Amino acid sequence: MVGSEIILVLVAIIVALMIYKVLKTVKGLIVNTILGLAIIVGANILFGLGIAYSAVVILTCAIGGPIGALLVILLNHLGIFF
């Protein structure tokens, strides 16, 4: 009994650590997304760029944050993408 209880506690600790790491990563992505989209919304309002809020734009902002947003704006300005 004691051996199986120890294994169960160890498994629970490992699962808790994995959930913590996932939530920590998700928190960073959410912050990046909000900052990046705020920059794109501001640029759309101030300069009338007309950048659509597609899945590609949101993923670029989530991964790149403000730098990703600036990349989206630059690519839009150059007429390459977005």
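This is a predicted model: local features need pLDDT of at least 70, side-chain atom pairs count only at pLDDT 80 or more; totals for chains, interfaces and linings use all residues.
Buried means under 20% relative accessible area and exposed means over 50%, with partly exposed in between (1.4 Å probe, protein chains only).

Residues are numbered from 1 along each chain as its sequence is written, and side-chain values use heavy atoms, with hydrogens and water left out.

Asn44 sits in helix α1; helices here are DSSP runs (H or I, at least four residues), numbered from the N terminus. Helix α1 covers residues 2-47. Its 46 residues should span 68 Å at 1.5 Å a residue, and the end C-alpha atoms are 67 Å apart, which agrees. That expected span is 1.5 Å times one less than the number of residues. After α1 comes Gly48, with a positive phi near 60°.

| Residue | Relative accessible area | Class |
|---|---|---|
| Thr33 | 16% | buried |
| Ile45 | 66% | exposed |

Besides Thr33 and Asn44, the buried residues of α1 include Gly36, Ile40 and Ala43. Part of what covers the buried residues of α1 is α2 (55-77).

Contact means heavy atoms within 4.5 Å. Leaving out residues up to four places away in sequence, Thr33 touches Ile58, Cys61 and Ala62. The Thr33 side chain also reaches the backbone oxygen of Leu29 at 2.7 Å. With neighbours within four places set aside, Asn44 is in contact with Leu49, Gly50, Ile51 and Tyr53.

Ile45, by contrast, is exposed. Ile45 and Gly28 are 17 residues apart in sequence and 26 Å apart in space, C-alpha to C-alpha.

Finally, the surface: Val2, Ile6, Val9, Leu10, Ile13 and Leu17 make a nonpolar patch of about 560 Å². Patch residues have over 30% relative accessible area and no salt bridge, and nonpolar side chains (Val, Leu, Ile, Met, Phe, Trp, Tyr) are joined within 5 Å. One of the patch members, Leu17, is found in helix α1.

Methods:
Helices (H or I, at least four residues) and strands (E, at least two) are DSSP runs, numbered from the N terminus. Patches are made of residues with over 30% relative accessible area and no salt bridge: like charges are joined within 9 Å, nonpolar side chains (Val, Leu, Ile, Met, Phe, Trp, Tyr) within 5 Å. Accessible areas come from the Shrake-Rupley method with a 1.4 Å probe; for residues, only the protein chains shown count as cover. A salt bridge is a side-chain nitrogen of Lys or Arg within 4 Å of a carboxyl oxygen of Asp or Glu. A polar contact is a pair of N or O atoms within 3.5 Å; within protein, one must be able to donate a hydrogen and the other to accept it, and residues adjacent in sequence count only if both atoms are side-chain atoms.
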